[in-house]
Every structure is written in structure tokens, then in C-alpha cells.
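Below are some notes on a pocket and on helix packing. Please read them with the model open.

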Amino acid sequence: GVFTATESAAVACIWSFFVTMFIYRDYKWSELPKLMFRTVKTVTIVMILIGFAAAFGAVMTYMQLPMRITEFFTSLSDNKYVILMYLNIMLLLVGTLMDMAPLILILTPVLLPVTNMLGIDPVHFGMIMMVNLGIGLVTPPVGSVLFVASAVSKRKIEEVVRAMLPFYAMLLVVLALVTYVPAISLWLPGVLGMM
């Protein structure tokens, strides 16, 4: 609670630099330009991906694609579990094509009224959305976390994806549990009196 999420990321970077240079002394000061170049290269890859994802999000919003997709799903069934399955499929597919931040901004206002209409708690829907979009961060072709892992590990994207295959199955099991067992998402807020 001392920092916001963004501030804590900046403090973590400063702390990592301090630990690397003064405590462990893994690198010499003469290697600092090389380290900075590697950092900028990694950040550049991620920022280019986020930029393209944001542009794609703007095009999707302009074309009212999320609204049309939602209307299509709700016209297929009135069973909330079936619609949740459709929403999961949609979020997984769209999450592989765009970054998480633009998707949250674009899809939340579109999908929240639908889930409210079905009687799904907003906190529960938020958790479903975060798990779906989190899976999208590690799924090709846009999965920005995959590109970071590839850059940091100095491995090809194909190798990273191959190593991730067993984890995808587990992520889908977790998604199913979060989607169809609301208590997983709602238990802690209920205990803390937030609901």
C-alpha cells in the first residue's frame, strides 16, 4: 500500500539495479551501456507490440466489433453458463491478438452490461476477464509476455511456445474453475466485507 503498481515497478527497477551493481556486483560499471542497450531493446519490442495492439483496438472500437460479437453471443443462448463459455472463447481469441490493457478498456463497458443482465457478479466477471486476457499474454501471435521471455532467455519464440504447451492445458483448467465456480473469485472479498 506504500506505492501504486506503476511506482512499485519503478522502485523494483531501482532496487534491482542497486542489488546488481552494489551487493552482488554481477556486472562492472563498464558493462552498463551494454545492459542499458539490452533493456531498451526488450522494452522496445514490448512497446511496439502494445502500440500496434492499441491501434488495432481503436479500429475494433470504430467498427463496433466488440458490440457485434457480444450481440451475436447473447442471441445464441439465454443460459448463462453457455454464454460464459462463449465469452471465454471470445476473450481467449481476442486476447491472442491484442494486449491486455486496450482490451480491458474496450471490452469491459461492452460486456459488463451483458454479464449484469445474466446475474453474474461484476467481481466474478472481472476475474474471468483477467484470467482470459492473462492467458492471451502468453499465447501467440501477439503474446507480449512471450516476446519478453524470448528476449530475456535469448531463445526463439517457437522454443518458448513449445516449452509452454503443458502450461496452456493447466491455464485452461484454472480458467474453467474461475468461470464456473464463482466462490473462487468471490470468497475473499466476501470474507473481507468488500461485497
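1. The largest pocket has a volume of about 660 Å³. A pocket is an open set of points on a 1 Å grid over the protein atoms alone where a 1.4 Å probe fits, with protein on both sides within 12 Å along at least five of seven lines. Lining residues have an atom within 4 Å of a point, and the volume is the space filled by probe spheres set on the points. L35, M36, R38, T39 and T42 are the closest to the pocket centre among its 18 lining residues.

2. This is a predicted model, in which local features need pLDDT of at least 70 and side-chain atom pairs pLDDT 80 or more, while totals for chains, interfaces and linings use all residues. Residues are numbered from 1 along each chain as its sequence is written, and side-chain values use heavy atoms, without hydrogens and water.

3. Helix α2 (32-62) contributes to the lining of the largest pocket, as do α1 (5-23) and α7 (144-153), each with at least two residues. The largest share, nine residues, comes from α2. By class, the lining has 11 nonpolar, four polar and three charged residues.

4. Helix α4 (residues 80-97) and helix α8 (residues 157-180) have axes that come within 11 Å and cross at roughly 140°. Y81, L84, M85, N88 and L92 of α4 touch L172, L175, T179 and Y180 of α8, contact meaning heavy atoms within 4.5 Å.

Conventions
Helix = DSSP H or I, 4+ residues; strand = E, 2+ residues; numbered from the N terminus. Nonpolar A, V, L, I, M, F, W, Y, C, P; charged D, E, K, R; others polar. Axes fitted to C-alpha atoms, helices over the stretch in contact; angles between N-to-C directions.
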